[in-house]
Amino acid sequence: MAQQLLLNVVLAFVWMFLADSFTGSSFVIGYLLGLGIMFALRRYFSTTFYVVPLFVIGKLTVIFMKELLLANWAVLKIVLSPSLDMKPCIFALPLEVKKDWEITLLSSLITLTPGTFVIDVSDDKKLIYIHTIDAPDVDEVIRQIKTSFEKTILEVSR
Amino acid sequence: MNVTEIIEGLVVLLVVAGALLTVISAIGALRLPDIYTRSHAISKSTTLGIMLILTGTLLHFWFRHDHVNSRLLLAIVFIFLTSPVSAHLISRAAYYSGVRPWEGTVRDDLAERRETLAKSAKR
């Protein structure tokens, strides 16, 4: 993905040299032309056309914001409820993501989602230990959220 | 209602919501039973609370004084990235130095791992 981005910037610079005008707007024109060329030649790249991962990253940011708001709503309800009838639990979740940055991103996402945060990642990077604030109703729902997060992260790094 | 009034209302709303969330996380720190549940309240509510206050400040200086302070934007991103990690590190350190979770805790998959680590530390 970074290589494709770099190639696109180089194409924009080639356009600037061809047009003999070194301004921001000619860079933008060259960049858009280069984007068209790269879209036409996308089957020669080993990874997906890099605009797709960029969109997925945007999607991930929106999910992050939404989950942060929901998490705060959940915490607010627990803290301000008259009786503290929660059932905390620590459970292990098998990881599908492999690379370190993916695990870090996933655990940040988990920490900011409603009612969960990460306590530890096992040494072989296959399990992630999560503390939930209210086990019975959250456990399965959380698992679903996690699979959707993990899927989105895998879409970025594919 | 003109644009300035709408923006001012938004700024007031953001700052008040941020302050309220910070208060709620302080209440959570007092009321919740153990370090892990407290960590939930503190890491989430203060993160969003401070982000809201900083966003309100950014908007205020942007629209009233025509000054975009990029440092505030950077601070928002910084807090967003670092505070969940610090919550994770503190609770992890607490767990491995033997702080028991609250007795209401129903399940503990990490206990086994802690036992083995404690044994190897003694040896």
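Predicted model: local features only at pLDDT ≥ 70, side-chain atom pairs only at ≥ 80, totals over all residues.
View 1. Residues are numbered from 1 along each chain as its sequence is written, chains are lettered from A and ligands numbered from 1 in the order in which they are written, and side-chain values use heavy atoms, leaving out hydrogens and water. You'll find B:Asp66 in the loop between helix 2 and helix 3 of chain B (helices are DSSP runs of H or I with at least four residues, strands are runs of E with at least two, and both are numbered from the N terminus). Its phi sits near 55°, a positive value in a residue other than glycine. Most residues other than glycine have a negative phi.

**View 2. A:Asp20, a loop residue in chain A.** Here the loop joins helix 1 (2-19) and helix 2 (24-40) of chain A. Phi of A:Asp20 is also positive, near 55°. A:Asp20 counts as exposed because its relative accessibility is 59%. The UniProt record (unreviewed entry) puts "transmembrane region" at residues 12-41 and 48-65 of chain A; positions follow the numbering used here, feature names are shortened, and annotations may be inferred rather than shown by experiment. For residues 12-41 of chain A, the end C-alpha atoms are 16 Å apart, and the span is 83% helix and 0% strand. For residues 48-65 of chain A, the ends are 26 Å apart, again with 83% helix and 0% strand.

**View 3. The fold of chain B.** Follow the sequence and you get α-α-α-α, with four helices and zero strands. Of its 123 residues, 34% count as buried.

**View 4. Where chain B meets chain A.** Chain B brings 34 residues to the contact and chain A brings 41 (contact means heavy atoms within 4.5 Å). Together the two chains bury about 3300 Å², 70% of it on carbon and sulfur atoms; buried area is the accessible area (1.4 Å probe) that two parts lose on being put together, summed over both. On the chain B side, B:Arg31, B:His40 and B:Lys44 lose the most area to chain A, together 21% of what that side buries.

**View 5. The salt bridge between B:Arg92 and A:Asp120.** The count between chain B and chain A is one salt bridge (a side-chain nitrogen of Lys or Arg within 4 Å of a carboxyl oxygen of Asp or Glu). Its partners are B:Arg92 and A:Asp120, at 2.8 Å from N to O. Helix 1 (3-31), helix 2 (35-65) and helix 3 (70-96) of chain B each put at least two residues into the side that touches chain A. Helix 2 gives the most to that side, with nine residues.

View 6. B:Ser45 counts as buried because its relative accessibility is 1%. Leaving aside neighbours within four places in sequence, B:Ser45 is in contact with A:Asn72, A:Val75, B:Leu21 and B:Ser25. The C-alpha atoms of B:Ser45 and B:Thr22 are 6.2 Å apart, though 23 residues separate them along the chain.

Notes
Buried < 20%, exposed > 50% of the residue type's maximum accessible area, 1.4 Å probe, protein only.
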